[in-house]
Amino acid sequence: MLSVLCLVSLFLLRDHPRLLAFQRGATDAVAVTAEIILAPVDGWNRLVQSFQSRAALQDEVFRLQQENRVLKGQTQRLVSLLSENARYKALLNSARDIEDELVAAQITSVSPDPARHMVMLDKGSIDGLREGQPVLGAEGLMGQIVMVGQHNSRAVLITDSAHALPVQVNRSGLRAIAEGSGRIDQLVIRHLAATTDIRVGDLLVTSGLGGRFPHGYPVARVTDVTISPGDAFAVVNAAPSSALDRGRFVLVVVRESADSIQPGSQL
Amino acid sequence: MNKAHARWVIYLTLGFALVWMLLPFSIEWRSLRPDIASLALFYWVLALPHRVGITTAFAVGIAQDLIEGAPLGLSSPGLMLATLLLLLSYQRIRQYDLLQQSLVVLVLLLLSAGIEQWLRNGVNVPVMPLEALVGLLCSTMCWIPVRAILRQSRRYYEVY
């Protein structure tokens, strides 16, 4: 009886700040527990790493140096492009891009709920994370933060079937909504008229509409477009640019550029 | 005396079963993870219906939601109803052989998963994919070993 009462009150108070604070605290507790039980595995990995051969390490340093050189070369161009862009924007009297401020975080675990694509990150509110901030992988947008504990947080990935984000086709500027499909390698773009100009291989980038994601981050690449003659809408699928189920390191955008609007709505 | 009853064993095993949810599974194989926490709960309800009941089921459900990061109270009602059915018929189910018990467990798991799906639909949390049914079968297959382990620990620590 008491439990049923508790259930009802949990439902009625589901948005109560105390309850949310409790859930946030639980995020930290869960992360700490996971860390403790995975400590032996982590320790073993670290041990194996520390015995890595000198040659392998040298190889890696060499590879990273090469990569660094290439990236530095590209940034040189980027700097000049940025200043050029700023001049154009000044000419057009529009808001100036301030560079996004990023925090590097590590994925510590994946939610055990098979219906959801959620991950736990090892950074929390003391690192400047807030709910609604975008999470980036090396190749593109990965998701957004939905619950922030003090030292840990949960992020939902863009392929979660409760997630949708406004995108833009890079080639044509066409705006659309990319919904998660519940499959880790697929996004669905719904409600595009059958006559729309969209092709396989088109890059989708965040459009910045809706105010949650800053404009211009790559999201996905169109993998197939099916237009059946009787239907009003095309069926368009896309594959996320970043491998959402690979890799451990992500970046969280803690301060967005000035031309994106502050988030207004909850997920 | 509380100590003589060794009730901590119940909560410790339930805790271990919940920690099992934290072990890393790759994102494709997650749905095959057996639901050890529900199985442990069912075992304790069958074994000690005067100790473990609806309130424990409620607590286990809340713990599951906290671990999953789901809205609180999503998993509890299903577990509570399954527990209620067990409490009403534990004397009969105790007499069944292991295979029959496994079938009963499958039905209870289906029931609690069904209620959870219904609630998920209600609060707009994505519903489980069909592969989750295979996960329920995995859980069912784990009933016999889970029961054996818990039975051993119950006898060893003389929990009653």
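Predicted model: local features only at pLDDT ≥ 70, side-chain atom pairs only at ≥ 80, totals over all residues.

Author: Residues are numbered from 1 along each chain as its sequence is written, while chains are lettered from A and ligands numbered from 1 in the order in which they are written.

Reader: In what order do the strands of the closed barrel in chain A run?

Author: Strands here are DSSP runs (E, at least two residues), helices are H or I runs of at least four, and both are numbered from the N terminus. Two strands pair if DSSP finds at least two bridges between them. The barrel has six strands with antiparallel pairing, and the order is β1-β2-β5-β4-β3-β12.

Reader: Which residue stands opposite M120(A)?

Author: Look at β2 (residues 118–121) and β5 (residues 153–157) of chain A, which pair in the antiparallel sense over four bridges. In β5(A), the residue facing M120(A) is R154(A).

Reader: Is R130(A) buried, exposed or partly exposed?

Author: You'll find R130(A) in the loop between β2 and β3 (134–136) of chain A. The count uses C-beta atoms placed from the backbone: 20 or more others within 10 Å means buried, 12 or fewer means exposed, and in between is partly exposed. R130(A) has 13 within 10 Å, so the label is partly exposed.

Reader: How do α3(B) and α7(B) lie to each other?

Author: Axes are lines fitted to C-alpha atoms, for helices over the stretch in contact, and angles run from 0 to 180 degrees between N-to-C directions. The axes of α3 (residues 36–47) and α7 (residues 131–156) of chain B come within 9 Å and cross at roughly 50 degrees. Angles under 35 degrees count as roughly parallel, over 145 as roughly antiparallel, 65 to 115 as roughly perpendicular and the rest as oblique. That's why α3(B) and α7(B) are called oblique.

Reader: Which element gives the most to the side of chain B that touches chain A?

Author: Residues are in contact if their C-beta atoms, placed from the backbone, lie within 7 Å, and the contact takes 31 residues from chain B and 31 residues from chain A. On the chain B side, the elements giving two or more residues are α4 (54–68), α5 (76–95) and α7. With six residues, the top giver is α4(B).

How values were computed: Contact = placed C-beta atoms within 7 Å.
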